[in-house]
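Here is a short report on one protein chain. Keep the sequence and the 3D view open while you read.

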Amino acid sequence: MGSLYALPSGVDFPAELVAGLIERMRPEPPEAMARLRLFLNSGRMLRRVREEFDRHGARYLPRLGLIADLARLPVAEIPPAVPPLRRRLELAQLVAGLAARMPQFEPGAGVFSLADSLADLLAEMQDENVPPAAIEALDIQDSHAAHWQASLGFIRIVARYFEDEAEPDPTGRLRRVIEAMARNWAARPTQDRIVIAGSTGSRGTTAEFMQAVAALPNGMIVLPGYDFDMPDFAWDALDAGTVPIEDHPQYRYRALRRRLGMEITRWTEARSPAPGRDALVSLALRPAPVTDQWMREGAALSDLTGACSGLTLIEAPDERHEALSLALVLRRAVEEGQTAALITPNRMLTRRVAAALDRWGIVPDDSGGEPLQLTAPGRFLRHIARLRGRKLMLEPLLVLLKQPLTATGCATRGYHLLYARELELWLRRRGPAFPDRAALTRWAGAEPARQLWADWVADVIEAFTEGPEAPLAHVIAAHLDLAARLAAGPGGSVAASSLWQREAGQECLRILTDLTEEAPHAGRYGAADYADLLDTLLGTGQVRRTAAVHPGVLILGTLEARVQAADLVLLAGLNEGSWPEAPTPDPWLSRRMRLDAGLLLPERQIGLSAHDFQQAIAAPRVVLSRARRDGGAETVPSRWLNRMTNLLSGLPPEGPEALQQMRARGAEWLALASALQQPRARTEPAPRPSPRPPAEARPRELPVTAIKTLIRDPYAIYAQRILRLRPLNPLRPEPDPRLRGEVLHLIVERFLRDRPTAETLAEAETRLIAIARAVLEETIAWPGAQVLWLARIRRIAAKLVADEAERQAAGTPVVIEERGAVTLPNGFRLTAKPDRIDILTGGEAHLFDYKSGKPPTDAEMLHFDKQLLLEAAMIERGAFAAIGPRAVSAMTYVHLGGNGETRDADLLAEVAPTWAKFERLIARYLDPRTGYTARRALRKVSDPSDYDHLSRYGEWDLSNLPEGK
């Protein structure tokens with residue numbers, strides 16, 4: 001018997017591995033099993049093997065271990081491995097230097113992502129035993145030679161890490177340990193039984209270890225998922241060409257057989273539960289040069305309907321329906337007492353399925369766990385790192401204050417949440433965009449508890465502004481200090497907080513502790529670089545759920561698929577880019593350079609993924625699923641699913657019928673998912689509102705600027721003036737047009753009020769610019785907006801000053817931003833605050849309105865924007881005490897933008913008719929029979945209203961007639 005064994009796809013590999021070992025060791029004394037050394041490929045495989053030995057009753061266990069554990073095996077002549085984090089920090093410094101000298105090298109890529117890819121490349125070179133000399137010998141002759149030459153030059157610099165025998169990498173030390181073991185075994189072959197199981201030999205170091213074990217008298221290798229039915233010509237086709245077909249699921253076994261010079265025999269007599277399906281899948285996945293055999297060999301496949309009877313194909317319209325359908329399948333399996341395993345590399349899909357299962361109280365056993373960066377401690381630490389060195393705006397400050405871990409170390413967290421809510425409302429109404437100690441002091445008032453809390457928030461805000469470049473240890477200490485302050489809360493302690501509690505907090509603390517230990521090897525860091533580093537480290541962590549999980553519902557990655565035997569297997573997310581995953585671009589070596597150097601090609605990872613697929617689909621019952629659309633875009637089916645459906649479609653009469661039945665079974669689950677999402681009771685869409693409040697509730701006073709709103713969107717007046725609902729300012733304040741208008745009006749007001757008795761145009765322009773600069777510095781917190789708006793004012797300053805000189809020669813500004821009012825006979829009061837009213841030399845009034853945007857046309861003024869016309873009518877009725885009743889001789893718009901042009905509104909004849917129409921309009925809206933219709937006459941359908949959500953706009957449109965109550 002040879003020493004190279006295998007098991008077919010579909011069998012319970014751990015169970016058959018243990019059964020075969022027990023059977024082979026049966027003739028020997030019991031203690032012989034204790035001397036056997038069994039090397040496995042993953043921790044989950046090791047746990048399953050232990051469970052299977054326990055299931056066979058009390059006996060000696062072999063010495064179990066992982067192949068990766070050999071890197072920690074003490075060997076006298078091999079020093080301990082350098083921590084991987086230290087190596088990455090050292091490489092990051094070199095990559096940062098490269099990025100500084102060559103910004104064109106991979107623009108947009110982060111320093112630490114490049115450092116990680118470089119560390120992976122060096123590890124791969126050691127794993128595949130590719131020395132730097134092989135890289136330097138590459139002949140580069142493509143259109144991107146300059147980029148690859150720069151890459152090779154940099155790899156030569158870091159090659160010392162490959163050759164450093166005093167401080168080897170973990171991968172390099174693993175290779176050296178295995179080479180030392182192989183030399184010892186070659187000189188003195190061990191008589192102990194040594195077994196390697198579960199690995200495919202896809203990596204160079206593992207393949208060398210297999211070769212050394214296979215040469216031993218009692219060495220054995222057990223491979224998973226071997227295709228015993230694949231014909232010889234198909235095996236030969238895998239490496240017949242110049243480029244090996246590494247994306248085939250069985251390619252690694254072809255290479256391993258050739259390397260070991262051995263044939264593969266069966267480990268046990270266990271057979272696949274679905275041999276007909278295995279033959280179909282094997283034929284579908286044949287390498288491209290022999291797919292012409294589909295029709296000839298496919299005709300020999302018998303009972304395709306029976307072979308596909310255990311297959312269900314779900315082709316969902318989107319990921320939501322796919323996840324819900326899979327959750328229903330898992331729920332049915334729970335009800336029937338079956339074990340079910342969901343296998344997919346798409347972590348977003350697994351989270352959707354887990355969320356759908358939560359409605360039935362089913363918590364799956366997820367092997368991948370929760371990404372550490374998405375846990376509460378991970379988010380908390382990342383937020384703090386990202387905000388260091390910046391002035392905190394309203395939104396990020398509230399994110400920090402409302403984070404679940406903030407102030408968990410104090411006894412007054414309830415008051416903390418209350419104060420955070422009250423502070424948010426206050427800041428959104430009247431606070432600055434960048435809250436500071438002065439604003440917090442005004443909010444706190446005289447209440448001692450609020451003052452204490454406001455001082456704590458102010459201290460935190462001021463601490464965030466400090467983020468100078470410093471040694472990494474100092475940056476970590478500052479980051480942890482900020483995290484401790486926030487988690488402790490006012491008067492609390494970080495020890496009493498929830499920051500470092502539970503699995504996620506402990507894992508974050510371990511990562512930061514390791515980073516602190518390796519900080520002396522990292523150089524200096526700024527706030528942004530440190531945030532990128534923390535994102536990278538936390539992005540690689542996972543946290544397993546320790547709460548009670550359902551033992552029969554598993555969520556597995558593709559690697560764990562070979563470990564777990566289940567009654568039902570769900571292969572989900574079968575789209576290109578997911579199964580198989582898109583290869584990660586290599587910024588250092590092109591595909592041809594990798595092939596010439598002997599490194600791994602992207603196709604190898606695809607082949608391993610195909611092997612996982614071939615093993616998983618051999619389960620007794622399998623559900624295949626994919627979403628036709630993802631994020632609104634069409635998806636492409638996985639190449640393996642595409643091959644299977646194409647093969648079945650071309651094998652009449654049974655093939656198309658079997659495929660139709662697979663899809664019909666999937667359609668039943670999709671129908672259930674659609675039915676589950678249907679509401680139990682239908683809710684009719686809301687009508688277009690036109691509320692009719694009683695006369696005593698209707699407003700008796702409006703500013704002249706609200707008349708335009710009353711005409712265009714009466715519902716906004718109803719919501720604001722009757723319901724007293726005012727929109728909050730946005731969480732993320734911006735220098736928007738409204739703020740720009742307020743600032744420009746303030747600049748002009750100060751320019752007019754503070755003018756000297758006599759000044760030249762040049763002096764006036766200088767004074768205007770100085771006022772603009774001062775106002776912008778006082779009111780605008782965004783430096784970019786200050787510069788941009790000041791530049792726009794400079795552009796129109798000369799014209800504005802010249803026009804102002806002409807206006808002053810014609811009259812004198814008397815009313816500047818002063819309020820006036822007129823009361824109608826029915827008691828309604830109209831108020832106004834004109835930008836400016838000049839009294840001309842003849843005694844008439846000249847009305848001015850400053851516009852930061854485009855002034856309205858005459859037609860808009862006549863029908864909607866009646867502000868100037870109404871203000872002119874108010875002047876004639878003596879609304880402004882400073883000037884008394886006067887005739888208006890002109891109305892002018894001054895554009896505080898563009899080129900600073902002015903426009904006279906030639907509508908003085910319309911002042912009296914406009915006032916008469918206004919009186920009729922007010923009388924109508926004082927009548928309780930008149931409704932305040934939503935979006936009555938907005939300028940465009942796309943124009944928003946602050947109260948669209950209140951009027952439920954979207955459930956109705958402008959073609960609906962208003963309904964009043």
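Arginine 286 is buried, because its relative accessibility is 3% and buried means under 20%. The model is a predicted one. This arginine has a charged partner. Arginine 286 forms a salt bridge with glutamate 297, and the closest N and O atoms are 2.8 Å apart. The pair links distant parts of the chain, 11 residues apart. Arginine 286 is in the loop between α12 (275–284) and α13 (294–298), while glutamate 297 is in helix α13. Glutamate 297 counts as partly exposed, because its relative accessibility is 22%.

**Around helix α12**

How many of the 10 residues of α12 are buried? Seven are, so α12 is mostly covered. The buried residues are Arg277, Asp278, Leu280, Val281, Ser282, Leu283 and Ala284. Their cover includes helices α13, α14 (304–307), α26 (602–616) and α27, together with strands β7 and β16 (621–627).

A search of the whole structure finds 63 salt bridges.

| Pair | Closest N and O atoms |
|---|---|
| Arginine 286 and glutamate 297 | 2.8 Å |
| Glutamate 315 and arginine 663 | 3.1 Å |

Take glutamate 315 and arginine 663, which form a salt bridge. The two residues are 348 residues apart, and the pair links distant parts of the chain. Glutamate 315 sits in strand β7 (residues 311–316), and arginine 663 sits in helix α28 (residues 654–677). Is glutamate 315 buried or exposed? At 16% relative accessibility, glutamate 315 counts as buried. Arginine 663 has a relative accessible area of 35%, so it is partly exposed.

Asp12, Arg48, Glu51, Glu52 and Arg55 are linked in a network of them.

**Helices that cross**

Two packed helices are described by the angle between their axes and the distance between the axes. Start with helix α15 (residues 319–335) and helix α28. Their axes come within 9 Å and cross at roughly 105°. That makes α15 roughly perpendicular to α28, because angles of 65 to 115 degrees count as such. On the α15 side, the residues in contact are Arg320, His321, Leu324, Ser325, Leu328, Val329 and Arg332. They meet Trp669, Leu670, Leu672, Ala673, Ser674, Leu676 and Gln677 in α28.

Next come helix α19 (residues 413–430) and helix α20 (residues 437–444). The axes of α19 and α20 come within 11 Å and cross at roughly 110°. So α19 is roughly perpendicular to α20. Which residues of α19 meet α20? They are Tyr419, Glu422, Leu423 and Trp426. In α20, the residues they meet are Ala439, Leu440, Arg442 and Trp443.

**Backbone details in loops**

The peptide bond from tryptophan 579 to proline 580 is cis, with omega near -5°. Proline 580 lies in the loop between β15 (568–571) and α25 (591–597). The peptide bond from proline 652 to proline 653 is also cis, and its omega is near 0°. Proline 653 is found in the loop between α27 (639–649) and α28.

Then turn to phi. Alanine 407 is not a glycine, but its phi is positive, near 60°. Where is alanine 407? It is in the loop between α18 (394–401) and α19. Alanine 407 counts as buried, because its relative accessibility is 0%. Glutamate 817 is not a glycine either, and its phi is positive at about 50°. Glutamate 817 lies in the loop between β20 (811–815) and β21 (820–823). At 18% relative accessibility, glutamate 817 counts as buried.

**A nonpolar patch**

Leu723, Leu725 and Leu950 make a nonpolar surface patch of about 220 Å². Leucine 723 is in the loop between α30 (714–722) and α31 (737–753). Its relative accessible area is 38%, so leucine 723 is partly exposed.

Key:
Residues are numbered from 1 along each chain as its sequence is written. This is a predicted model: local features need pLDDT of at least 70, side-chain atom pairs count only at pLDDT 80 or more; totals for chains, interfaces and linings use all residues. Side-chain values use heavy atoms; hydrogens and water are left out. Patches are made of residues with over 30% relative accessible area and no salt bridge: like charges are joined within 9 Å, nonpolar side chains (Val, Leu, Ile, Met, Phe, Trp, Tyr) within 5 Å. Accessible areas come from the Shrake-Rupley method with a 1.4 Å probe; for residues, only the protein chains shown count as cover. A salt bridge is a side-chain nitrogen of Lys or Arg within 4 Å of a carboxyl oxygen of Asp or Glu. Helices (H or I, at least four residues) and strands (E, at least two) are DSSP runs, numbered from the N terminus. Buried means under 20% relative accessible area, exposed over 50%, partly exposed in between (1.4 Å probe, protein chains only). Axes are lines fitted to C-alpha atoms, for helices over the stretch in contact, and angles run from 0 to 180 degrees between N-to-C directions. Angles under 35 degrees count as roughly parallel, over 145 as roughly antiparallel, 65 to 115 as roughly perpendicular and the rest as oblique. Contact means heavy atoms within 4.5 Å.
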